[in-house]
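Open the model in your viewer and keep the selection panel at hand. The tour goes stop by stop.

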Amino acid sequence: MHDQELEKKLKDARCEADQFFSHWHFNSQREMVHKRVGDQSYGGNKHKSIFPWIVIGKASIVLVSFLFLIWIPYRLNILLSTFNGDSSNLGTPLTQQSVTLEQNKSSQWVNFFRLDKPDRKQHNLLAVIWNANSDGNYKMIYSSLLENSDKPHPVSTIEFPENHNKLALISSSNPKQRHLHYRLIGVSNDVVKTYWEQDFVPDGKVEVREGMLIERRTVPQVYFKQENMTSLPNHKTVVTYFIPYQINDYGDLVLTTNYVRLGIGEYLAFIGENNKRIRMSSNEKIIKKLDDNKAVFTTNELRSHFYAFRTGRDILVLEPDTGEGKGQMLQVEVVDASDIQ
């Protein structure tokens with residue numbers, strides 16, 4: 001609220017107070033007091049003549065103070081409601097969901113809170129993850145602001161088959177402005193690790209399927225010019241399959257799936273924790289590794305990015321970039337886009 005608006009509210013409050021007390025008529029009470037004082041004064045006792053003044057004066061002060069104390073909270077409640085909105089919901093989560101991200105450990109709680117800007121022109125959401133201590137108390141281990149969004153989505157999880165730890169997909173959207181925010185995170189010993197996050201994804205949709213994160217977004221033509229595409233609309237829905245990976249304590253590579261089925265024109269990418277790199281190779285009969293300047297994403301965050309251009313089957317070999325530890329083989333099948341369910 002601007003200073004001028006606040007000053008107007010306070011002025012209105014003062015006017016209401018004046019109007020409230022203007023209905024009180026003290027003349028009749030004053031005449032009654034004078035009459036009683038006069039009657040008592042003829043008795044020759046000064047202390048008795050003063051006593052009614054003291055009693056009536058104190059009673060008037062108590063009454064006025066009582067009414068004023070009732071009136072002040074009422075007006076402040078109106079002003080605070082105007083300034084801050086409905087304060088009764090502050091601290092109350094819009095949604096609350098329990099997820100278990102670490103094997104043999106207590107579950108975490110994921111909350112979405114509404115967090116508006118001071119000008120109230122945008123509705124923001126704050127995603128928070130709480131973890132229980134050994135004494136049963138909860139502490140916040142993760143928070144992320146999802147700007148200009150007002151629709152929280154249910155949390156989905158992706159499991160690593162080797163250790164059964166899970167990743168959480170947290171997302172929210174703005175249906176009116178048609179954009180999406182999402183984060184894919186894991187938890188290890190109360191430490192949150194971010195695998196992938198995106199903001200303001202145009203016409204974005206995300207889902208978890210068979211150990212993969214599948215993202216759909218609308219992308220301008222300039223971002224996906226491929227040599228086999230002869231004609232393109234101004235915008236296109238681009239589908240990307242993200243496969244998370246980990247490097248375990250032995251240096252071995254662990255994937256969330258060993259099979260992926262793509263449609264022609266769709267993308268495949270790999271996302272890992274803490275920028276741990278992997279090497280990969282294929283015969284490039286059905287998928288091609290993309291250079292940074294041909295990637296769908298405008299950032300350089302994805303260096304393991306492939307494009308499906310021909311139907312068929314292939315084996316993609318992935319290994320830790322350190323050259324130590326075991327690798328994994330991923331079976332890749334590419335079909336016509338119409339065959340993808």
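Is Glu333 buried or exposed? This is a predicted model, and in it Glu333 is buried, because its relative accessible area of 13% falls under 20%.

Stay on Glu333. It sits in strand E20, residues 328–335. Show side chains: a polar contact of 2.4 Å joins Glu333 to Tyr259. Beyond its sequence neighbours up to four places away, Glu333 touches Tyr259, Val260, Arg261, Leu262, Gly312 and Arg313.

Next, select Pro154. Look in the loop between strand E5 (151–152) and strand E6 (156–159). Pro154 is exposed, at 64% relative accessibility. Leaving aside neighbours within four places in sequence, Pro154 contacts Gln97 and Leu169. Draw a C-alpha to C-alpha distance to Val110: 9.6 Å, across 44 residues of sequence.

Now the salt bridges. The structure holds 10.

Select Arg183 and Asp199. Their closest N and O atoms are 2.8 Å apart. Arg183 lies in strand E8 (residues 179–188) and Asp199 in strand E9 (residues 191–202), 16 residues apart. Arg183 is buried at 4%, whereas Asp199 is partly exposed at 40%.

Move to Arg279 and Glu319. This salt bridge spans 3.7 Å, N to O. Arg279 belongs to strand E16 (residues 278–281) and Glu319 to strand E19 (residues 312–320), so the pair ties together parts 40 residues apart in sequence. Arg279 is partly exposed at 40%; Glu319 is partly exposed at 36%.

Last stop: select Glu207, Arg209 and Arg216. Salt bridges with shared partners join these three into one network. Within it, Arg209 and Glu207 bring N and O atoms to 3.0 Å.

How values were computed
Residues are numbered from 1 along each chain as its sequence is written. This is a predicted model: local features need pLDDT of at least 70, side-chain atom pairs count only at pLDDT 80 or more; totals for chains, interfaces and linings use all residues. Side-chain values use heavy atoms; hydrogens and water are left out. Helices (H or I, at least four residues) and strands (E, at least two) are DSSP runs, numbered from the N terminus. Buried means under 20% relative accessible area, exposed over 50%, partly exposed in between (1.4 Å probe, protein chains only). A polar contact is a pair of N or O atoms within 3.5 Å; within protein, one must be able to donate a hydrogen and the other to accept it, and residues adjacent in sequence count only if both atoms are side-chain atoms. Contact means heavy atoms within 4.5 Å. A salt bridge is a side-chain nitrogen of Lys or Arg within 4 Å of a carboxyl oxygen of Asp or Glu.
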